[in-house]
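Dear colleague,

Please find below the structure that I am handing over to you. My notes on what was found in it follow directly after it.

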Amino acid sequence: MSDDYSKRRGLSWSEPLIFERSRASEDRSRFGGEGLDSAKVRGDIPDSLIRDRAPRLPMVTEREAAQHFTRLSSWNFGVDAGLYPLGSCTMKYNPKVNEYLASLPGFRDIHPDQPPETVSGALELMLSLQRMLEEISGMDKVCLQPAAGAHGELTGMLMVRAYHESKGNPRKVVLIPDTAHGTNPASSNLAGYEVKEIPTAKNGVLDPETVKENLDEEVAALMMTNPNTLGLFETHIREIADVLHEKDALLYCDGANLNAIMGISRPGDMGVDVIQFNLHKTFSTPHGGGGPGSGPVGLSSRLEAFQPVPVLVEKDGEPRLEWDRPQSIGKVMAYYGHFLIMVRAYAYLARLSARGVRRASEIAVLNANYLRVALKNVYHLAHPDQCMHEAVFSDKNLPNGVTTMDVAKRLMDYGYHPPTIYFPLVIHGALMIEPTETEGLETLNLFIDALTRIAKEAATEPDTVKSAPLTTPIGRLDEVAAARKPVMCCVFDEDGAD
Amino acid sequence: MPYIPHTEAEIKSMLSSIGVDKIEDLWKAIPEDIRYQGELDLPQALTEPELVKKVRSMAGRNLEAGSVRCLLGGGTYHHYIPPLVDQMLSRSEFYTAYTPYQPEISQGTLQAIFEYQTMVCELTGMEVANASMYDGAEASAEAVLMAERISAKNESGAILVGTTVNPLYRRTIATYMKRSGREIIEIGYGPDGRTLVDKILEQEGPLAVVVQHPNYFGSIEDMEAISAACEKTGAVLVVVVTEAMSLGLLKPPGHFGAAIVACEGQSMGIPMGFGGPHLGMFACRKKDARKSPGRLAGQSTDADGRRGFVLTLATREQHIRRAKATSNICTNQGMLALAAAIYMSIMGPDGLRELASICRARSQYLKEKLEAEKIGRIVFSAPTFNEFALDLGRDPGPILKAMAQKGFLAGIPLGESYPDLENSILVAVTETLGEDDLDNYAAQLSRALSEA
């Protein structure tokens, strides 16, 4: 398996920056603007406001652009290419029918300011999605507007703030366990809160006593992820919610890991006040090489009045956008959210329904536990307990100074995307593996085999592992140098630099 | 079950390797009282053909711009998108990848982002552009937060925001600024539809000035005067652009001393999509790069000296800096940035200028025609790029409805955000409308007004 890559080389392109392909050509005009009189176009615009130099965009033909971007794509690893077990990211298969439906002109080519009666199909789809998310989460209301998970967190925390302000004191502190995603403290800070980090107990979950010890009248909320980033279910969450509510503090649940519990347990029943959904994780919409995502939030009735405008409701049997919400936090982006992503998530849920989503979660948990058991004697397992949708290992027992980074890079040579590495921070050298339910047994077995071989290589030929990857278009890059003297755009010859 | 490859036999064998009898045994950690009993109440599962039928009928109930003539703008524009853009985006090597945390197998995404960043710098006249924000509104809000970091010494200065900045953007900025308690002061507009620069000069020690150019009314702002006013008051100049196409013709904000440019990039090859996903283009000066939000791709080399690209200056970001990060952004608009890069690549400098000129010329054609034939009244006297405010002299609601029935999405009513413009609409023109369409529009509008 490891040395069967020689065949690939003939298709490994060397492709310059598109600016380096630039050359003069006469075949540029495609819109029939050749005859325009430039003085007349300018008309009453003062000369001082007209561009005196065109932007230095590349000058390539359509054919050259097609070649350029096709070649760039060949340097990427995507879910369609192979296993992408990136923990906390839920890299499941992105069904193609979703892509097709999102490309329908009736969705793509509608303007957000069209009269509502001309977009009734779009509003109905949004309303249906909203209801399905309410049912899956057990939350009282869902707001679709946030653009991504972190944006949902911010929206949620701004609502928490508005809730406390409505009672006369916004409060000062948000409690966050040490296993949290980095976005949690960042979002809390952006909402104007100080962050107090609290420790996870030795068994990997949060102890209600720890919450009690840190709780006072200035705590606005606790932000916790369930299942958490160790892949463990927060067993005491209901009790923690009660402890918080006694002091009128709220419970924010980071819903990044919802893929583990659909149809099995509902955040609304756990006492959660606000949770974000990551449609690009749990609900199968593609990650797009870094986005777009979509991060709707589910709310308990406590927070309903504060959601961003417009609020999508049903009135007289018709979906309607309501703007008149005096206690709303306002707007968090220009329009109604990432509508074309909602179309994809809707299609996924309409296809799966209740049994399908439950089955997805069951198999996601099954796959993760299968990996956990198969690899527990090969890599050090962070927690011995059963896991939910992901399992966390570490490089603790690897010989010859081989690290998590080395294992990750060596996995590329075996044809896999590496797991999430060095997160959660509480596990030194963490390797966080989330296989998702769309990967079958054979794939898992091959992956287990690759990880087992790498562990053996660490003992027998550590230098190979440490110098991996050997088969990718490029080797490990010097990230320190890149940050010290950053070059963040193309340097043109005429600028005379470098 | 859809999208799950396991057979029952495989499930059984996996359970036995794990050492449990049934799948339920895998969530012993979930207390009984919060286990969901029964089956979720979701609509019945659809087969793939049923799904397609149902969703197509929903899509079919929307009036799509391609089947009518669309003169709606206000931050979202109906431009032509060359099919190459979607063909390239449909490569799953791009769209099924995650954020490029592992550069060795993400060079496609990383190099494309680097190219995109360069193009945005060229378009806006700035030195550094990030890998994207959610949309123009959120980029504007992040720009104001960054202005606070740039001008950290200015503890009490207000944020001056032009009333001619898109009302939805102003509301987003207000939401993001709530926690700081810093004052936001609106700077009004004159009868020409441009920001009153004197009102900026009246303010003492403002922290930042936020203007939109061309502004929400389509008016081209007096950027030289605004720039001078910022210099005089020491305010950080934030320029918002919602019609990126204008940058093919107009001098970019960087030439007027903008410290930050927040631009909606939807016009660069991205469908209107009922408002999203769009693309927040965000650009700043190199000296402020470490205070900027979002991801940045940078150039580096591997051990053999080969050029490659990585995410850089990550110590500003949430996954490293946590509560002290410059922003909480994680997932951004990668695919849309790629769309914009492909679009700008095939436009090139000449194509973009040509297209911008056509938009401007056709908009002028309609504006002059309406003026000459006295159909409504052009509200503002300042030069405009490709949209303008038109006073209909009566409630626009019924007129817009009548026009929709004639196959025209005729304009956006301005009254809700600007009570003094309750009878006016915003009309936008792009290259998708020919002069015959515009003649037709004028004739139908004239008729609708006379019949009303």
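Helices (H or I, at least four residues) and strands (E, at least two) are DSSP runs, numbered from the N terminus. With that in mind, Pro469(A) sits in the loop between α14 and α15 (479-484) of chain A.

The model is a predicted one, in which local features need pLDDT of at least 70 and side-chain atom pairs count only at pLDDT 80 or more, while totals for chains, interfaces and linings use all residues. Residues are numbered from 1 along each chain as its sequence is written, and chains are lettered from A and ligands numbered from 1 in the order in which they are written.

**Chain B as a whole**

Chain B has 13 helices and 15 strands. Along the principal axes, its C-alpha atoms fill a box of roughly 80 × 55 × 50 Å. Of the 452 residues in chain B, 61% are buried. A residue is called buried if 20 or more other C-beta atoms lie within 10 Å of its own, exposed if 12 or fewer do, and partly exposed in between, with C-beta atoms placed from the backbone. Two residues are in contact if their C-beta atoms, placed from the backbone, lie within 7 Å. Among the contacts in chain B with a separation of 6 or more, 74% join residues 24 or more positions apart.

**Where the chains meet**

Chain A brings 166 residues to the contact between the chains, and chain B brings 162 residues. On the chain A side, α11(A) supplies the largest share, 21 residues. That side of chain A divides into 93 nonpolar, 47 polar and 26 charged residues. Here Ala, Val, Leu, Ile, Met, Phe, Trp, Tyr, Cys and Pro count as nonpolar, Asp, Glu, Lys and Arg as charged, and the others, Gly among them, as polar.

Two packed helices are described by the angle between their axes and the distance between the axes. The axes are lines fitted to C-alpha atoms, for helices over the stretch in contact, and angles run from 0 to 180 degrees between N-to-C directions. Helix α11 (residues 339-375) of chain A and helix α1 (residues 8-18) of chain B have axes that come within 9 Å and cross at roughly 45°. The two helices α11(A) and α1(B) are therefore oblique to each other; angles under 35 degrees count as roughly parallel, over 145 as roughly antiparallel, 65 to 115 as roughly perpendicular and the rest as oblique. From α11(A), the contact uses Leu366(A), Asn369(A), Tyr370(A) and Val373(A), and from α1(B) it uses Ile11(B), Met14(B), Ser17(B) and Ile18(B). These residues divide into 6 nonpolar, 2 polar and no charged.

Helix α11(A) also meets helix α2 (residues 48-60) of chain B, where the axes come within 10 Å and cross at roughly 135°. This contact is made by Ala347(A), Ala350(A) and Arg351(A) of α11(A) with Glu48(B), Leu51(B) and Val55(B) of α2(B). Its residues comprise 4 nonpolar, no polar and 2 charged.

**The nonpolar core**

A nonpolar core is a set of buried Ala, Val, Leu, Ile, Met, Phe, Trp, Tyr and Cys residues joined through C-beta atoms within 7 Å. The largest such core has 311 residues, and those touching the most other members are Leu222(A), Ala208(B), Val209(B), Val210(B), Val238(B) and Ala340(B). Helix α11(A) gives the largest share of this core, 24 residues. Not counting residues up to four places away in sequence, Val238(B) touches several residues, including Ala143(B), Val144(B) and Ile260(B).

**A covered helix**

Helix α12 (residues 404-413) of chain A is mostly covered, with 8 of its 10 residues buried. Val407(A), Ala408(A) and Leu411(A) are among them. Just after α12(A), Gly415(A) has a positive phi of about 90°.

**Backbone details**

Most residues other than glycine have a negative phi, and most peptide bonds are trans. A cis peptide bond joins Val309(A) and Pro310(A), with omega about -5°. The bond from Ala468(A) to Pro469(A) is also cis, and its omega is near 0°. Ser353(A), which is not a glycine, has a positive phi near 55° and belongs to helix α11 of chain A. Because 18 other C-beta atoms lie within 10 Å, Ser353(A) is partly exposed. Arg322(B) likewise has a positive phi, near 50°, but Arg322(B) counts as buried because of its 22 C-beta neighbours inside 10 Å.

Yours sincerely
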